Each structure stands twice: as structure tokens, then as C-alpha cells.
Amino acid sequence: MMKKNIQEELIAIIKIALKDLRIDSKLIQDFYLDLSTDERFGDLSVNIALKLSKVLKKPPLEIAGNITEAIKIRLQKSALKNYVKEVKAEGAGFINFYLENKYFYEQLQDLLSKGINVLKIDKGKGRPVLIEFVSANPTGSLSVAHARQAAVGDSLANILAFLGFKARKEYYLNDEGNQIEILGKSVELRLKELQGEKNEFPENYYQGDYIYDIAREIKNEKLKIKNFSDYASKHILEIIKKELVDFGVQFDCWYSQKSLDKSGKIKKALEKLKKKGFLYELDGAVWFKSTAFGDDKDRVVIKSDGLYTYLAPDIAYHEEKYKRGFKWLINLWGPDHHGYIARIKAAVEAFGHSRDSLSVIIVQLATIFREGKPVQMSTRKGQYITLREVLDEVGKDASRFFFLMRRTSSHLDFDLEVAKKHTSENPVYYVQYAHARICSILRGSPVKIKKNVDFSILKENEEIRLLKKILQFPYILNTCLMTQDPYMLTVFSQEVAESFHKFYDLHRVLGDNEQLTQARLSLIKAVKIVLAASLDLLGVLSPEKM
């Protein structure tokens, strides 16, 4: 019988081994098995001995040695004894597991017969999670900063859904307020200018050519506009929606701040906080006692003129998310919102929710390079590279892949020239070419793959490395879950492509030995399945011809 989730079974054995040694597993937090970064140190590794060292006041390697011996005894009584070749205490105190090739052969067979779903691990168990991202004010086309958030948020939602979460994507539409008013006034002034009136255009108004385009449309269509802000914001919102669809991003919900205000939910949320004793009045304003939940100072929610601050609708909006049944909230924000995290987390706690039920991911900015030089950007002046320009220049697949190629916490350099290349220098082309190359081999093969293939004939180093690499897929997704970042999936897909290309360059798939040909065809078919699944989760196509 194939061991589908050997990681969980090994963790169970480790816990029993700790009990045998009279070590309370509660002394360490939940632990998991890591993939070994160096094949010389096995396939899976756990660092519990290092964590226990401080508590037990013994050297980590000594603790690891004792636990290893207890694990070996337990393994002999387990069905896993046929799948674990060796367990060693090594290095600074790691416990490393060396798996039998039999385990990987059986997983390969299962993957081929049942498809990618066999590598699914149900982490979410239907838990509702709401991912809110982009949420740019409808005052202009999406910038590359918004584009990066869109790629990260959409791919993360795909990964969470694959892992069994009930993931929903939401765009919070800031369709009222000062910026929307300035947008309307900008269009109105440009319209007057087009009609021959001379006027002073304030520096803080929106100056991009798109403002002229909207004004020109109003003039040419002879439209009678009652509210320039409403008209302009709705016009731009349609542009944003089209850009996102072309980028492969579709939201489940567009949540309007204006509708939130009109519903009276902001007032109700603040009243609820007042009843809990977390609001007070000072100097004519109403303050939220956010310091009670770790914020560095209390925050104003209603100004002395009676108007809400930015925080008030955000507090109500987050409480509304919980009321809709979501158990986990994920927000993707730009780096300029870092200081906002503490006050929103304070509001979540004030309403009685766990602080950890809200995850805020800061997505760092991206710099676009053209011909080796960074493109200067200014949003207000309209001098910036838009998502639309990147899409038109390099296409959806390269755009999405490149925006995901660095950790969200790291600044991203996006080289347009590299993204357009049809060579191995372009990472997305390199991965897609591996998929297309496999499709070409399978399509042209005179040999049909049988259902029952003897995989034990796969013994070359490149074959085993490639097999082990594709079976890391669930571990990589688990890493994406824990870090709430799809970045590692781009690394994994490149590593799979590299392993395949190395294998194919050294070994013939279609040879004289039919048994070996069957095994190698099966192996590359499995590679194709995993590559396609990885690219799909990243929102990138898997071409069969290139």
C-alpha cells in the first residue's frame, strides 16, 4: 500500500518516540518535516532536537541521537519500515530521513493513474478565507505595484483553494472621499479647457493623459454630467476590471465603501466599540483605544468636524468580513500601509476575534527596467508604467511569472527585455518550454504508455533526482501556505524544468529497451502533470507547442 502522506505518519512516529523517551512533545510547538536542502542528508529532516536543547539542557546532537534510536525501534513495528531506508542524527542536531526508492516509485504510479489530485493535502478542510488585494482607488490605470499585488493575491488564492480552503477574492472599492472628489474636479477642469476656457490646473490634481481622454469623451458625446466624480470613477473602474481580466484575475466580490457607509454599518460598528468601552471623546473628536491592543497610540475615528477618518470605514469593513462567515482574513497591502497594521489588528481584537485570524502581507514595490535602465514613475502626474503597458509588451504569462519571482517582502526588479526573450534566460519561457518539449516527445512517441510499468528500472541519478523533485510539489505548496507567499512555486517550477532538461540532455527517452522507454515516458508524463499544475496555480498557461 502506498504511503500517500508519509510526512504525517513520520510525525506521529516521532511523537511516540518522544513519549518513549519521556519527553513531553508539548515542550516544542507544532513541528513538521522539511525537505532536505542537500541530497547527501536524506530526503526529509526535522530540527526538534535543536528546539529541545534549551529545555533539556543537553547538546542537540545528543538529543537527536537518542530520538533517532527511539524512532528506529518504532519504525520496525510500523508499515513505514519498508519505505524508510535509514534515520540519522547529523550536523548540528538534525534528524534526517532517507527514503527507499520504492516509496517514490509508488507515488509515481499513483500520480500517473489518479492525476495531480493525489498530491493534494487537505490543509484547509473547507475553512472560509477571504483574500482582499489590489483595492486601488479608481483614479487611474493600475500601476505595476498594483499588478504585483494582483499576481500574488490571485496565485495565493489558487494555492489555498488547492489545499482545501474555501478561498474567496475581494476588491475593496474606495469609491468615495477626497481622492474621488479631486478626480472629478480634474476631469471637469480638463473639459473646460477643451471647451476653450483658460484655467489654472492645481498641481495636486490628476494630470495624466487619461484625464483628457475622459474629458474628450464627455465633450464628443455631448454628455450632461451631474457628478463628474461618479462618472470618472466608474469609467476608470471599467478600465481596471478589463485590465485585471486580461491579467487573468477575476474577483468574487467588489465591495463598495460608499455602500458600506450608506448601509449604516460604520455607525453600528463604532457603537459596538463604544459599548465595549473602546471609544472615548477628547478635544471634540472620538478616539479608538487601540493602545489596549498593542498599538503605539490611540487613533481618531471621528474628527471634531463630525466626519469619519480613514480608519472608521476600515474598522467596519473588517468586522463585516467576519460577519459574512470568514474565519481567516488575508490583506495584501503596499509598503506605505505598514504602519496601519497595528490599528487594524487592534480593531479585530476589540471585536473579540483572534489577532492571528487577520494576516497582513506587505507586498514590496516593483521597479520596471527597460534597456537596462529603471523607468521613473509618478502616479499623480500619470508618469508611470501601467499594468496595461506591461501586458501589451510582454504578455500575461511572462507578466504574472515575473511579478511572482521574488518574495513579497523583497523589492522586485522586472526587466522587460528579459521577459520578451525566447531563450533559457527568460525563466517563464524556460519552464513553458520544458512542458512543450515533453508534449512533443509524448506526441511523437511510437510507444504507448502501459498502465503497469516497472519503475525500478529507473536508477540513473538524473532520473531519481527528477522523480524526487516533482514529488516535492505538496511540500512546496505547504511552504506557500505557511509563508502566505506563492514565490516558492516559481522557484520549484524552474527547478523541475532544470531537472528535466538535464535528464533529457543526458538520457534517451525513446530507446531500444522497451521497458526502459516505458518507464522514462511515464516519468516525463508525470513531470508534465506537475509542471502544468504548478503553472496553473500561478495563472500561467502550459503550452503544448512552442
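## Sheets, hairpin and helix packing

User: In what order do the five strands of the open sheet with parallel pairing sit?

Analyst: Five strands line up in an open sheet, and the pairing is parallel. Two strands pair if DSSP finds at least two bridges between them. The helices (H or I, at least four residues) and strands (E, at least two) are DSSP runs, numbered from the N terminus. Reading across, the order is S7-S6-S5-S11-S12.

User: Before we go on, what kind of model is this?

Analyst: Residues are numbered from 1 along each chain as its sequence is written, and side-chain values use heavy atoms, with hydrogens and water left out. Local features need pLDDT of at least 70 and side-chain atom pairs count only at pLDDT 80 or more, while totals for chains, interfaces and linings use all residues, since what you have here is a predicted model.

User: Back to the five-strand sheet: which are its edge strands?

Analyst: An edge strand here pairs on one side only. Neighbouring strands are turned by 25° against each other on average, direction ignored. The two edges are S7 (253-256) and S12 (358-362).

User: In S12, what is the bridge partner of Leu-332?

Analyst: S11 (residues 328-333) and S12 run parallel, joined by five bridges. Within S12, Leu-332 is partnered by Ile-361.

User: What angle does the direction of H5 make with that of S11?

Analyst: H5 (residues 144-162) packs on this sheet and touches S5 (128-132), S6 (166-173), S11 and S12; contact means heavy atoms within 4.5 Å. Axes are lines fitted to C-alpha atoms, for helices over the stretch in contact, and angles run from 0 to 180 degrees between N-to-C directions. Against S11, the direction of H5 makes about 155°.

User: Now the hairpin: which residue in the turn between S8 and S9 has a positive phi?

Analyst: S8 (residues 279-282) and S9 (residues 285-288) pair antiparallel over four bridges, with Leu-279 standing opposite Phe-288. Two residues lie between the strands of this hairpin. The one with a positive phi, about 55°, is Asp-283.

User: And in S10, which residue is the bridge partner of Val-286?

Analyst: S9 and S10 (residues 299-302) run antiparallel, with three bridges joining them. Over in S10, Val-286 is partnered by Ile-302.

User: Moving to helices, how are H6 and H8 oriented to each other?

Analyst: The axes of H6 (residues 178-194) and H8 (residues 228-246) come within 8 Å and cross at roughly 100°. Angles under 35 degrees count as roughly parallel, over 145 as roughly antiparallel, 65 to 115 as roughly perpendicular and the rest as oblique. H6 and H8 are therefore roughly perpendicular.

User: What is the handedness of the H14 and H16 crossing?

Analyst: H14 (residues 396-403) and H16 (residues 427-444) pack at about 115°, axes 9 Å apart, which means H14 is roughly perpendicular to H16. A crossing is left-handed if the near helix is turned anticlockwise from the far one by less than a right angle, and right-handed if clockwise. Here the crossing is right-handed.

User: How are H13 and H14 oriented to each other?

Analyst: H13 (residues 387-394) packs on H14 at about 120°, with axes 7 Å apart. In H13, Val-390, Leu-391 and Val-394 meet Lys-396, Ala-398, Ser-399 and Phe-403 of H14. H13 and H14 are therefore oblique.

User: Last one: how far apart are the closest N and O atoms of Arg-74 and Asp-20?

Analyst: A salt bridge is a side-chain nitrogen of Lys or Arg within 4 Å of a carboxyl oxygen of Asp or Glu, and a search of the whole structure finds 30. Arg-74 and Asp-20 form a salt bridge, with their closest N and O atoms separated by 2.7 Å.
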